[in-house]
Amino acid sequence: MIPRTLPTWQLKSWQDELSQLIQSPEDLFARLNLDPQHLAAAQRAAQLFPLRVTDSFVRRMQPGNLDDPLLRQVLPLGCEFDEAIGYSNDPLGEAQTNPVPGIVHKYHGRVLLIAATHCAIHCRYCFRRHFPYAQNHLSREQWAASLDYVRCDTSISEVILSGGDPLAQGDKQLAWLIEQLEAIPHLQRLRIHSRLPVVLPSRITPELVSLLSHSRLQPVLVIHCNHPQEVDEEVLAALQELKHAGLTLLNQCVLLRGVNDELATLVALSESLFRAQVLPYYVHLLDKVQGAAHFAVTEDRARELHQGMLAKLPGYLVPRFVKEISQEASKTPL
Ligand SMILES: *Cc1c(COP(=O)(O)O)cnc(C)c1O
Ligand code: SF4
């Protein structure tokens, strides 16, 4: 591996950063100098789904700006209490496709493994904000049951580590899990869905890069980045390192009102990602989860944005616009 000099952001370990998340609305308001008139509502909404964000992500926000696109993704708002028609607590029907705790098997050939039950950041629009993580917190026996499930179904060629955030766990646990998966002969690919390379880039340590790049399984990392302002120098460096180690890097984002529902933003996002060696993969329409209706963008607007991207970008920088319909055999293109 190419040695790199330790950048300043690596002086604090990622574990330290993860244990020092900003979790109180007061702290966030003070940190960013936000208008205190919105604090009480933020405190109430944080009881629905706790506030949680890394210091690294907050550093990329503009102080004093309640409309900052990064802040909007994590700031609890009073309107989360509004009951919206057609929104539910389990919009994807995952409760029915959860054959054993920790496994979601919806699509042919690939299975999603809930490899961690926590995240470094709580995205207000997250479709898992009501997911019964407590029942999916795996003991060693349950891990064994999940792995058995994968071992017994030879149609599965790809395991997707998801969560929560699978990279929120330490390298030891991750190494153990990867070793277990490598021992299952019909598996070919290991996919990781993680927001950590973006919200906690110090997580991309040389040890982690080495772990992922030395696996028998072909590694694919799907990051989650919604706005070009999320890609700062640290994120860029972390992603380039992963790419140099041979990983396939893709991005998925969610189309969010007031965050990335402008053509110029989406074009800039694709370009920033490509600079970081990441190809855009999916733009998801918002899953209709209770408490997130204020982020919704209409399908017509989404189509218009997709057309706009096609007109402005090379084809490989235009992501697929998809929505999730429960019971369908794949994500559904718009
Ligand atoms: C989105 C998703 C996948 C992955 O789908 P791809 O189209 O392969 O990216 C797999 N399993 C579940 C349950 C999913 O929601
Ligand atoms: S699972 Fe992903 S989208 Fe949901 S809160 Fe965690 S990081 Fe955000």
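## The largest pocket

The lining of the largest pocket splits into 23 nonpolar, 11 polar and 12 charged residues, where Ala, Val, Leu, Ile, Met, Phe, Trp, Tyr, Cys and Pro count as nonpolar, Asp, Glu, Lys and Arg as charged, and the others, Gly among them, as polar. This is a predicted model, so local features need pLDDT of at least 70 and side-chain atom pairs count only at pLDDT 80 or more, while totals for chains, interfaces and linings use all residues; side-chain values use heavy atoms, with hydrogens and water left out. Residues are numbered from 1 along each chain as its sequence is written, and chains are lettered from A and ligands numbered from 1 in the order in which they are written.

The pocket holds about 990 Å³ of space. Of its 46 lining residues, F127, R128, S162, H193 and Q252 come closest to the centre. Strands β1 (103-107), β2 (110-114), β3 (158-162), β4, β5, β6 and β7 each give two or more residues to that lining. For the terms: on a 1 Å grid over the protein atoms alone, a pocket is an open set of points with protein on both sides within 12 Å along at least five of seven lines, a cavity is a set of points where a 1.4 Å probe fits but cannot get out, and lining residues have an atom within 4 Å of a point. Points are joined across faces, edges and corners, and a volume is the space filled by probe spheres set on them. Helices (H or I, at least four residues) and strands (E, at least two) are DSSP runs, numbered from the N terminus.

## Ligand 2

Ligand 2 sits in the largest pocket, meaning more than half of its atoms lie within 2 Å of the grid points. Around ligand 2 you'll find C119, I121, H122, C123, C126, R195 and H224, each with a heavy atom within 4 Å of it. That shell is made up of four nonpolar, two polar and one charged residue.

## The second pocket

Next comes the second largest pocket, with about 270 Å³ of space. It has 15 lining residues, and L285, L286, D287, K288 and K323 are the closest to its centre. By class, that's eight nonpolar, two polar and five charged.

The largest has a volume of about 50 Å³, and β6 (248-254), α11 (263-275) and β7 (279-284) each supply at least two of its lining residues. Its lining has 10 nonpolar, two polar and no charged residues, with N251, Y281 and M309 among them.

The second largest cavity comes in at about 30 Å³. Its lining is L190, I192, L212, P219, V220, L221 and L247, which makes seven nonpolar, no polar and no charged residues. β5 (218-224) gives the most, with three residues.

Most residues other than glycine have a negative phi, and most peptide bonds are trans. G163 and G164 are joined by a cis peptide bond, with omega about 20°; G164 is in the loop between β3 and α7 (171-182).

N33 isn't a glycine but has a positive phi of about 60°. It lies in the loop between α2 (25-32) and α3 (39-45) and is exposed at 62% relative accessible area (exposed is over 50%, buried under 20%, partly exposed in between; 1.4 Å probe, protein chains only). Q327, also not a glycine, has a positive phi of about 80°; Q327 is in the loop between β8 (320-323) and β9 (332-333) and is exposed at 68%.
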